[in-house]
Amino acid sequence: MTLQARIKAFAELGRFLKDENNRSEIELWADKASHQNNWFTIDNTLKALNSIAEYFLTEELLTQWTDLYEIQDTPNTVNSVGVIMAGNIPAVGFHDLLTIVLSGHVCVAKVSSQDSYLMLALIEKLLEIEPNLEIRLTEKMNEVDALIATGSDNSARYFEYYFRNKPHIIRQNRTSIAILNGEETEQDFLNLGNDITDYFGLGCRNISKMYVPADYDFTKFYDSIEPLGDIFYHNKYKNNYDYNKSIYLVNQIHHYDNGFLMLTKNDALVSPISVIFYENYENQEDLKNIIASQIDKIQCLVSKNGWFDGSFNFGDAQKPKLWDYADGVDTMAFLLSL
């Protein structure tokens with residue numbers, strides 16, 4: 001297949017996902033995904049599919065992305081590239097599959113048990129659109145030529161050892177942070193609230209830590225995110241909130257609480273579900289040093305209008321472009337080097 005034919009197949013999937021005539025089928029996908037994984041509510045699953053269609057699967061965006069590289073219709077050496085997918089948010093492994101197929105290699109996918117229904121539905125639809133796409137499913141990665149894997153820090157150590165003799169990208173736990181400077185508006189805070197609560201905070205691009213000026217007042221932040229309070233009615237989220245609140249109360253840990261999201265001062269980056277950690281900074285130089293010392297654990301940064309170098313605007317954490325690679329590792333360049 002030519003690169004253009006592969007692009008057209010994915011763009012056709014994007015049109016399928018956007019077409020209102022297919023709404024009932026896509027909602028059925030979301031319903032079945034929600035029964036497989038209670039964190040995958042119908043609304044969140046539809047949101048993930050809409051984001052894939054809007055930010056990944058248009059012919060214009062796919063062409064703009066692939067034009068950044070020299071991609072042959074068929075690589076000189078076609079490799080089978082295994083991808084071990086995460087399952088923390090709906091269809092999170094789709095970008096790796098897309099990248100492998102567009103690079104011209106064979107995608108050998110192991111879908112997560114937490115996200116198998118949705119990913120298999122997407123793959124089945126893709127192969128219905130274009131049966132010649134090189135996508136295979138597997139439970140074992142014994143025969144692959146290269147590997148892309150996403151998992152916990154513990155599983156990453158296993159992957160690093162097991163695939164040490166093969167080209168690989170191994171991703172570990174990362175999280176995302178917000179930087180506030182005191183000039184935020186109500187809309188900024190509401191957008192930041194979405195960056196925190198989308199997908200219940202389970203994604204590596206969800207905000208789990210905020211850096212704020214000294215003596216920062218969180219009142220306006222809490223007032224602004226009040227419309228997001230329905231998250232509390234999700235049973236699993238509420239259980240996490242109740243548990244973490246009881247821990248803070250029993251241990252007399254100072255925290256702020258608006259009834260569905262707690263804030264507490266902590267120098268760690270990764271906070272529990274329903275909690276955001278925060279730290280104070282003295283000035284921009286101090287802030288830059290703090291961020292630089294932890295950059296290998298940060299997936300993305302957000303700030304008002306992206307004022308902090310390398311950051312997204314509030315509300316855009318879950319809207320990466322095709323070339324905003326996980327962990328800052330250029331997946332396409334890796335694949336083209338095989």
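Buried means under 20% relative accessible area, exposed over 50%, and partly exposed in between (1.4 Å probe, protein chains only). These legends use that scale throughout. This is a predicted model, in which local features need pLDDT of at least 70 and side-chain atom pairs count only at pLDDT 80 or more, while totals for chains, interfaces and linings use all residues. Residues are numbered from 1 along each chain as its sequence is written, and side-chain values use heavy atoms, with hydrogens and water left out.

**View 1**
S208 lies in strand 7, which covers residues 207–213. Strands (E, at least two residues) and helices (H or I, at least four) are DSSP runs, numbered from the N terminus. S208 has 8% relative accessibility, so it counts as buried. Contact means heavy atoms within 4.5 Å. Leaving aside neighbours within four places in sequence, S208 is in contact with T175, S176, L269, V270, S271, I276 and F277.

**View 1. The whole protein chain.**
The protein chain holds 12 helices and 12 strands. Along its principal axes, the C-alpha trace spans about 60 × 45 × 35 Å. The radius of gyration is taken over C-alpha atoms, and the globule rule is 2.2 Å times the number of residues to the power 0.38. For 338 residues a compact globule would have a radius of gyration near 20 Å; the chain has 21 Å, which agrees. Of the 338 residues, 52% count as buried. Among contacts between residues at least 6 apart in sequence, 73% join residues at least 24 apart. The chain exposes about 15,800 Å², and carbon and sulfur atoms supply 47% of that area. Accessible areas come from the Shrake-Rupley method with a 1.4 Å probe; for residues, only the protein chains shown count as cover.

Two strands pair if DSSP finds at least two bridges between them. Strand 2 (residues 106–110) and strand 3 pair in the parallel sense over three bridges. C107 stands opposite I135 in strand 3.

The expected span of a helix is 1.5 Å times one less than its number of residues. The 14 residues of helix 3 (residues 42–55) should span 20 Å, and its end C-alpha atoms are 20 Å apart, which agrees. N44, T45, L46, A48, L49, S51, I52 and A53 are buried in helix 3. These buried residues pack against helix 1 (3–18), helix 2 (23–36), helix 5 and helix 6 (116–129).

**View 2. Helix 8 and the residue that follows.**
Helix 8 (residues 186–197) has 12 residues and should span 16 Å; its end C-alpha atoms are 16 Å apart, which agrees. Its buried residues are D188, F189, L192, G193, D195, I196 and T197. Their cover includes strand 6 (175–179), helix 9 (219–224) and strand 10 (275–281). Just after helix 8, Y199 takes a positive phi of about 55 degrees. Most residues other than glycine have a negative phi. Y199 is not a glycine. Y199 sits in the loop between helix 8 and strand 7. At 6% relative accessibility, Y199 counts as buried.

Six of the six residues of strand 11 are buried, so strand 11 is largely enclosed by the rest of the structure. Strand 6 and strand 11 run parallel, joined by four bridges. T175 stands opposite I298 in strand 11. Two bridges join strand 11 to strand 12, also in parallel. Here S303 stands opposite N313 in strand 12. N305 lies in the loop between strand 11 and strand 12. N305 has a positive phi of about 55 degrees although it is not a glycine. With a relative accessible area of 59%, N305 is exposed.
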